[in-house]
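Here is a short report on a ligand site. It covers the contacts first, then the pocket.

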Amino acid sequence: MTKVITYGTYDMLHIGHINLLTRAKAQGDYLIVGVTSEDFDRSRGKLHVCQSQEQRVAAIKALDFVDEVILETHKGQKQEDMVKYKIDKFVIGDDWVGKFDYLNEWTQVVYVPRTKGISSTKLRNEQLQDIRIGLVGLNYDSDRFMRESEFVKNVSIVSSYANTDIPREQNSKAQRAKEHFESYDGFLKSDIEAVYICVDIKYQYEHAKKALQAKKHVLCENPITKDNGKLKELFSLAEKNDVLLLMALKTAFMPAFNKLIEEINSGIIGEVKEVRSTFSSLYKERGYSEEYCSYGATNLLMSYPSLLVNKIAGKAKDVSFFAQSNGSYDISNRAVSVHEDDVFGLSTVAIEMKSASSAVISGSKGYIHIPAPWWLTKEFVCKFEDDSKEYSFKYEFEGNGFRYMISEFASLIQRGQKQSERLSRQDMLDINDFITQFNKG
Ligand code: C2G
């Protein structure tokens with residue numbers, strides 16, 4: 001039996017894909033198709049794939065001449081698969097000619113003619129509208145969003161709004177969109193279907209509420225509100241107006257972070273016992289005003305360590321705080337949380353103390369170390385008692401990580417999905433609960 005394998009994204013399955021797969025099958029008796037995972041595609045810079053991973057896999061599985069479908073999730077997996085599946089031939093379109101010659105060491109590489117005049121990109125451009133986004137707030141974050149959105153092909157920034165009452169917005173040098181507004185109502189009437197909110201914490205709830213009432217999809221910086229009751233209210237408003245509400249917690253959408261969660265859920269380090277992480281950043285040294293720093297380390301940073309521990313260990317049963325204050329606000333804080341199966345969380349944040357901003361997830365068989373800055377997750381290493389078992393994962397990581405978040409936001413809107421699997425409503429409530437509890441005091 002001659003075993004053949006081929007790989008692809010297969011977005012919006014078309015005749016070019018079908019021809020390729022038919023030609024691949026003709027090369028042997030048993031055809032395995034590797035469909036690229038969403039995170040792997042995003043880490044390779046494919047940030048505008050229209051269909052979900054599940055939809056693309058289902059389309060390939062529906063082809064009766066395909067014998068097996070697998071997911072391609074990481075760099076280097078192809079040569080692993082050649083050995084694992086005892087492959088006789090690797091087949092790919094000639095738009096890749098030469099790129100996979102190295103696989104000849106394990107199998108026979110065959111490049112077959114590509115079908116002219118059809119591609120997923122062409123279909124996306126013909127059939128899909130760009131997601132038109134408006135920026136709420138003009139500052140360092142809006143500039144990062146604007147720059148990174150250029151890498152997400154199905155997104156365009158149409159308008160911007162700045163509330164000049166907010167100190168950080170006054171004479172902001174941040175880039176404005178083509179259409180700029182100083183009235184929020186006027187802005188919400190502009191030709192947009194979604195907004196990215198990055199105004200100061202105390203204004204975010206009001207701006208998010210108005211945007212949801214205006215039936216706009218909302219991506220909002222953290223914390224959206226310091227009160228989970230209000231967050232629940234916003235979720236029901238989003239539900240009622242059939243729009244999406246997402247926290248702009250960029251780490252949750254990074255390919256390597258999702259691979260990390262997948263590896264932990266696979267049991268690679270045994271039962272998780274402890275999740276420890278630190279997020280320290282000297283805000284004043286970075287030019288943030290006293291007024292901005294006075295939100296305190298917990299409100300400004302705790303969403304990130306809380307994401308890590310709640311995503312891995314589930315909702316906290318109990319959380320205690322050990323903060324250091326400068327008399328007016330917390331300059332550092334430690335949240336000690338207890339989760340399901342007595343998993344412990346040790347989440348440290350600081351804006352006037354510099355510390356090693358790495359993360360360690362400890363389990364009954366091994367542990368995972370994410371080097372600093374862990375929230376810009378690019379790689380992680382799995383370590384065991386027996387050093388020879390150590391292995392690491394590294395993913396391409398471009399820019400400041402916003403592009404993966406923008407890609408998720410745009411894809412969810414395009415697919416009509418109102419929740420992200422990477423950051424569900426329950427995740428957001430569990431994460432924000434740390435901030436709510438600390439502010440309740
Ligand atoms: N293809 C083709 N004719 C087209 C379009 C695509 O023959 N008009 C072939 C491609 O050459 C590829 C396969 O169909 O072999 C899947 O194409 P894509 O979904 O675009 O995936 P791609 O990014 O080419 O994935 O690491 C290798 C990649 O996984 C290949």
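A backbone N or O atom of Tyr-10 lies 2.8 Å from a ligand oxygen atom. Polar contacts here are pairs of N or O atoms within 3.5 Å. Lys-78 places a polar side-chain atom 2.6 Å from an oxygen atom of the ligand. For Asp-95, a side-chain N or O atom is 2.7 Å from an oxygen atom of the ligand. The protein covers 94% of the 610 Å² of accessible area that the ligand has on its own (Shrake-Rupley method, 1.4 Å probe).

This is a predicted model: local features need pLDDT of at least 70, side-chain atom pairs count only at pLDDT 80 or more, and totals for chains, interfaces and linings use all residues. Residues are numbered from 1 along each chain as its sequence is written, and side-chain values use heavy atoms, with hydrogens and water left out.

## The shell

The ligand has 20 residues around it (a heavy atom within 4 Å). Tyr-10, Lys-78, Asp-95, Thr-115 and Ile-118 come nearest. Strand E1 (3–8), helix H1 (15–25) and strand E4 (89–93) each supply at least two shell residues. H1 gives the largest share, three residues.

## The pocket

The ligand sits in the largest pocket. "Sits in" means that more than half of its atoms lie within 2 Å of the pocket's grid points. About 690 Å³ of space lies in this pocket. Its lining has 32 residues; His-17, Lys-46, Asp-95, Trp-96 and Arg-114 lie nearest the centre. E1, H1, E4 and helix H5 (120–127) each give two or more lining residues. H1 gives the most, four.

Key. Polar contact = N/O pair within 3.5 Å; in protein donor to acceptor, adjacent residues only side chain to side chain. 1 Å grid on protein atoms, 1.4 Å probe; cavity = no way out; pocket = protein on both sides within 12 Å on 5 of 7 lines; lining within 4 Å. Points joined across faces, edges and corners; volume = space filled by probe spheres on them.
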